[in-house]
Amino acid sequence: MLREPTRKHVWEGRTISVVGDVYRFLVTAQETGGTYAQFEATVPPGGGPPLHIHSREEEGFFVIEGEVTFQINDETIVAGPGMFANVPRGVRHCFRNESDEPARMLITLAPAGLEEMFFAVGHPLEEGSTIPLPPTLEDIQKLIEIAPSYGIEILHPDGHASSST
């Protein structure tokens with residue numbers, strides 16, 4: 001089946017706040033036949049997801065601006081503009097903005113589908129917004145509860161699985 005090309009301007013794309021970060025979706029499973037999804041992440045100082053493992057998809061990160069610290073298994077990498085990292089499925093990882101300025105990245109998921117978890121957990125923002133809503137305990141709990149149904153294992157900082165109880 002032929003699909004229509006997808007084009008988005010800098011202010012376009014479904015934009016959501018997910019536990020303190022902002023994600024603007026450039027292309028989703030619906031537009032790529034499930035092959036990949038890509039979104040722009042705006043990560044404020046202190047922002048970033050907890051340590052986790054994907055069981056279904058690989059994840060690629062390209063830093064556009066700012067600085068992001070990645071933990072990939074036991075390695076810590078401080079990445080600036082132009083740096084790329086690919087994380088295969090099954091690998092422990094997280095990222096955090098440890099600087100005083102917001103950071104921006106392109107994140108690619110292959111295959112697509114995990115974006116549906118972000119839509120289920122996140123809060124809609126106006127297209128083009130880069131200001132996240134403050135994360136709440138309810139948002140964090142919802143993420144911990146829903147993540148396993150999308151093949152995501154969220155780990156405590158010590159590397160052990162979190163519990164939704």
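Setting aside neighbours within four places in sequence, Arg 14 makes contact with Tyr 23, Arg 24, Phe 25, Phe 119 and Glu 127, contact here meaning heavy atoms within 4.5 Å. The structure is a predicted model, so local features need pLDDT of at least 70 and side-chain atom pairs count only at pLDDT 80 or more, while totals for chains, interfaces and linings use all residues. Residues are numbered from 1 along each chain as its sequence is written, and side-chain values use heavy atoms, with hydrogens and water left out.

Arg 14 itself sits in the segment before β1 (15-18); strands are DSSP runs of E of at least two residues, helices are runs of H or I of at least four, and both are numbered from the N terminus. Arg 14 counts as partly exposed because its relative accessibility is 49%, the scale being buried under 20% relative accessible area, exposed over 50% and partly exposed in between (1.4 Å probe, protein chains only). Although 11 residues separate Arg 14 from Phe 25 along the chain, their C-alpha atoms are 5.3 Å apart.

Then there is the greasy part. The largest nonpolar core has 34 residues, and those touching the most other members are Tyr 23, Phe 70, Phe 95, Met 105, Met 117 and Phe 118. Such a core is a set of buried Ala, Val, Leu, Ile, Met, Phe, Trp, Tyr and Cys residues joined through side-chain atoms within 4.5 Å. Beyond four places in sequence, the contacts of Met 105 include Phe 39, Val 43, Phe 61, Ile 64, Phe 70 and Phe 95.

Pro 44 falls in the loop between β3 (37-43) and β4 (52-54). Not counting residues up to four places away in sequence, Pro 44 touches Gly 20, Asp 21, Asn 97, Pro 102 and Pro 132. Pro 44 and Ser 99 lie 55 residues apart in sequence, yet 8.6 Å apart from C-alpha to C-alpha.

As for annotation, an unreviewed UniProt entry places the feature "domain: Cupin type-2" at residues 40-107. That span, 40-107, is 0% helix and 56% strand, and its end C-alpha atoms lie 6 Å apart.

Among the helices and strands, α3 (137-146) gives the most to the lining of the largest pocket, with three residues. β2 (21-27), β4, α2 (115-121) and β12 (152-154) are also among the elements that each supply at least two.

Technical notes:
UniProt positions renumbered as here; feature names shortened; annotations may be inferred.
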